[in-house]
Each structure stands twice: as C-alpha cells, then as structure tokens.
Amino acid sequence: MSQYFEVHPENPQPRLLKQAVQLLERGGVLAVPTDSSYALVCHIDDKAAADRLRRIRQVDDKHHLTLLCRDLSELASYAKVDNRQYRLLKQATPGPFTFILEASKEVPRRLSHPSRKTIGLRVPDHNALLALLDLHNGPLLATTLIPPGEAHPLNDAQDIRDRFEHDLAGVIDAGACPLEPTTVVDLTPMGTGGEPELVREGRGSLATLGL
C-alpha cells in the first residue's frame, strides 16, 4: 500500500517530504501536486522507475515525459537554450507551462524524444512540490496523472491513493489541484530563427508568452 503524506500547501512539513524523497531514492513512483494537476514523478536516473511510471500511465517510449526543475538555471542545464528562448522562459517561470527544448548531454538518452532529441521541461509554481524538489536536490521525471483511457487528470489525493495504491510508493496530499494540464509550447523552432509553436493550450495563459 502506498504511503500517504498530508502536507500544508504553503508551508509543507520537511519531515514528511524527506520521507517521500527516500521513497524516490528507493525507486518509487509518487503522485504529487502541481500548479496544474496532480502528476506522477520518479528519479531521473532510475530506468526501472521510469518504466513503471510509463506503465501506470500506459504510454510508450514515444510519449514525451517532462523534467520538473527547481528554477530556470537548473532547467537551462538540461536543455540547450539561446538568448531568445531564455527571455521567453524567464517570462513564464515558475508557472503552468511545459517547454519543449533540445536536450543537453545532461539528459539521459532514453528520456529524450527518440527521433527529435528533445525534452519537455518546466518549473512549477507550487510550494510543496518545489520543497520536494529542493530536498531531492535535483529534477524529477514527471507526467500528468491522467488515468489510462480517461481524458482528464486527477486532482483529489485520496481518490488517487484509492485507485493506484498498489502502483505508487506514495501520495503527497497538499489539497486539490486545478484540473487543467499545462500549456505546452515547443521552443525548438526558435533555435533556427523561427517562432514558438503551441502544442497544447492548458492552464498557462498564452498572453504571458505574447502568443
């Protein structure tokens, strides 16, 4: 049965989050709150955990996973970012946006998109998740928690535990999340002088990006 951590959304208890980090370090997949919806996360360097995360979502290796980063400087170490891209990223982080960028050598090859060598990255605006990332001391591999065969993400932690208690190592409950996924924007065309391309409109406002 998955462990259940009930934390304060603004001032999460470090003791509980440290226990959650230990689960990640032992290869566990967690359900965590974000500023868009609940997400599944695991350690970036644990292939077995990443495979388990994909299995829970029932997605294959062509499905873009996302790296959740603590801040823009950490994001920039996992992606190749030019000045134009950086200015746009600065406008929208932290926030409910996922950006597709060319992966740097820091990203394990198995995590980048197999044909394009790209990776989705984001800096969430959620205190409990940022505290978890800080205690973990690095990014986490993530995907929106949309149950297989369903169209919308889950946002109730108890419901998530009831439905996935045998698949997840833990659930962090910081209250309900919004029910919208992130806005996804592909910034790779900017690297060759093009413009950003909207992949999916979600919770993040396009006006923030000037789109």
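A polar contact is a pair of N or O atoms within 3.5 Å; within protein, one must be able to donate a hydrogen and the other to accept it, and residues adjacent in sequence count only if both atoms are side-chain atoms. This is a predicted model, in which local features need pLDDT of at least 70, side-chain atom pairs count only at pLDDT 80 or more, and totals for chains, interfaces and linings use all residues. Residues are numbered from 1 along each chain as its sequence is written, and side-chain values use heavy atoms, with hydrogens and water left out.

View 1. Helices (H or I, at least four residues) and strands (E, at least two) are DSSP runs, numbered from the N terminus. From its side chain, Asn155 reaches the backbone oxygen of Cys177 at 2.7 Å. Apart from neighbours within four places in sequence, the residues in contact with Asn155 are Tyr38, Gly175, Ala176, Cys177, Pro178 and Leu179 (contact: heavy atoms within 4.5 Å).

**View 2. Pro189 in the loop between β10 (183-186) and β11 (197-200).** Pro189 is buried, its relative accessible area being 15% (buried: under 20%; exposed: over 50%; partly exposed: in between; 1.4 Å probe, protein chains only). Leaving aside neighbours within four places in sequence, Pro189 is in contact with Gly194, Glu195 and Glu197. A distance of 28 Å separates the C-alpha atoms of Pro189 and Ile146, which are 43 residues apart along the chain.

**View 3. The cis peptide bond between Thr93 and Pro94.** Omega of this bond is about -5°. Pro94 belongs to the loop between α4 (83-92) and β6 (97-103). Most residues other than glycine have a negative phi, and most peptide bonds are trans.

View 4. Gln58, a residue other than glycine, has a phi near 60°. Gln58 sits in the loop between α2 (47-57) and β4 (66-68) and is exposed, with a relative accessible area of 62%. Asn137, also not a glycine, has a positive phi of about 65°. The loop between α5 (127-136) and β8 holds Asn137, and this residue is exposed at a relative accessible area of 58%.

**View 5. The protein chain around these sites.** Seven helices and 11 strands form the secondary structure of the protein chain. Buried residues account for 54% of its 211 residues. Of the contacts between residues at least 6 apart in sequence, 66% join residues at least 24 apart.
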